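Student: I would like to learn how to read a few features of a protein model. Could we go through them one at a time?

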Amino acid sequence: MAAKPLKGKPPSKLKVITVLAKDPGSTNSGIAVIRFRLHRNRLQRKVLYSGMLISTLKQLKTDAVEGDLRKYVKEMTKLIERFNPSHFIAERYMSRNIRGLSGELVNMMLGRLTAVLSFNDVPYMFIPAVTWKNAAKRQGIDLVQCYKQCATPPHEFDAAMQAHYMASLVYGTKAFEGLNTQELTASLEQATTSKLRRIRCRQ
């Protein structure tokens, strides 16, 4: 299910939107919740939340799967109820010839989550990582450098970038155009629930 612009109003008249974004993984999964509005054709944002999921599906043992999925759904449901997002976005897992269970685990979590999102009437979109990363690259954003300069876990930064990508789709603007990644980094560091990494130096 893809996110759609709010009906009946041109992009300049869209209301404020709140995007819940998830950078998925079987062990490390980043979350960002960002409120956006469009002002003079530029996205303005407020980071409401940044953190790492505590409950993820890490194994496929029959006696543990359902319990782990229930914990995962409970944690995601709390975020949905707390922030009432208008849109959701997450990377869909691409195996890239990597062996292991990560793909199955991530897709099982995303599959279970769709039921929660649909029940709460939240439009959602799953995209390949290359989609938003190529869009960022076209705007001259060096993600590797961003990870080095951000004291939060990289998964949280990626989730925030996906939120920006979703907002651009909703408002009809060019993805990441004019985005100041240093300001985004600072906002994430203020909102995160994670322990900040020590950064040796910032450019």
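Student: Is Arg-70 buried or exposed?

Tutor: Keep in mind that this is a predicted model. Residues over 50% relative accessible area count as exposed. Arg-70 has a relative accessible area of 57%, so Arg-70 is exposed.

Student: With which residue does Arg-70 form a salt bridge?

Tutor: The general idea comes first. Side chains of opposite charge can pair when their charged atoms come close. In this structure, Arg-70 pairs with Glu-66, and the closest N and O atoms are 3.4 Å apart. Both residues belong to helix H1 (residues 62–83), where they sit 4 residues apart, about one turn of the helix.

Student: How does Glu-66 count in terms of accessibility, and what is the percentage?

Tutor: Glu-66 has 34% relative accessibility and therefore counts as partly exposed.

Student: How many salt bridges does the structure hold?

Tutor: There are 2 salt bridges. Besides the bridge between Arg-70 and Glu-66, there is one in which the side chains of Arg-112 and Glu-66 meet, at 3.1 Å from N to O. Arg-112 lies in helix H2 (residues 102–119) and Glu-66 in helix H1, so this pair ties together parts that are 46 residues apart in sequence. Arg-112 is partly exposed, at 29% relative accessibility.

Student: Now the aromatic rings. How many aromatic pairs are there?

Tutor: The count comes to 5 aromatic pairs. One of them joins Tyr-49 and Phe-83, whose ring centres are 5.7 Å apart. A pair of aromatic rings is described by the distance of the centres and the angle of the planes.

Student: Why is the pair of Tyr-49 and Phe-83 called tilted?

Tutor: Planes under 30 degrees apart count as stacked, over 60 as edge-to-face, and the rest as tilted. The planes of Tyr-49 and Phe-83 are at 50°, so the pair is tilted. Tyr-49 is in strand S3 (residues 42–52) and Phe-83 in helix H1, so the pair ties together parts 34 residues apart in sequence. Tyr-49 is buried, at 12% relative accessibility, and Phe-83 is buried too, at 14%.

Student: What kind of pair do Phe-88 and Phe-126 form?

Tutor: Phe-88 and Phe-126 form an edge-to-face pair, with 6.3 Å from centre to centre and 90° between the planes. This pair links distant parts of the chain, 38 residues apart: Phe-88 is in strand S4 (residues 87–91) and Phe-126 in strand S5 (residues 124–127). Phe-88 is buried at 0% relative accessibility, whereas Phe-126 is partly exposed at 24%. Ring pairs also join Phe-88, Tyr-124 and Phe-126 into a cluster.

Student: Last, helix packing. At what angle do H3 and H5 pack?

Tutor: Helix H3 (residues 129–138) and helix H5 (residues 154–171) pack at about 80°, and their axes are 10 Å apart. H3 and H5 are therefore roughly perpendicular to each other. On the H3 side, the contact is made by Thr-131, Trp-132, Lys-133, Ala-135 and Ala-136. On the H5 side, Asp-158, Met-161, Gln-162 and Tyr-165 take part.

Student: How do the residues of the contact of H3 with H5 divide into nonpolar, polar and charged?

Tutor: That contact has 5 nonpolar, 2 polar and 2 charged residues.

Technical notes. Residues are numbered from 1 along each chain as its sequence is written. This is a predicted model: local features need pLDDT of at least 70, side-chain atom pairs count only at pLDDT 80 or more; totals for chains, interfaces and linings use all residues. Side-chain values use heavy atoms; hydrogens and water are left out. Axes are lines fitted to C-alpha atoms, for helices over the stretch in contact, and angles run from 0 to 180 degrees between N-to-C directions. Helices (H or I, at least four residues) and strands (E, at least two) are DSSP runs, numbered from the N terminus. Angles under 35 degrees count as roughly parallel, over 145 as roughly antiparallel, 65 to 115 as roughly perpendicular and the rest as oblique. Contact means heavy atoms within 4.5 Å. Ala, Val, Leu, Ile, Met, Phe, Trp, Tyr, Cys and Pro count as nonpolar, Asp, Glu, Lys and Arg as charged, and the others, Gly among them, as polar. A salt bridge is a side-chain nitrogen of Lys or Arg within 4 Å of a carboxyl oxygen of Asp or Glu. Buried means under 20% relative accessible area, exposed over 50%, partly exposed in between (1.4 Å probe, protein chains only). Rings of Phe, Tyr and Trp (its six-membered ring) pair if their centres lie within 6.5 Å; planes under 30 degrees apart count as stacked, over 60 as edge-to-face and the rest as tilted.
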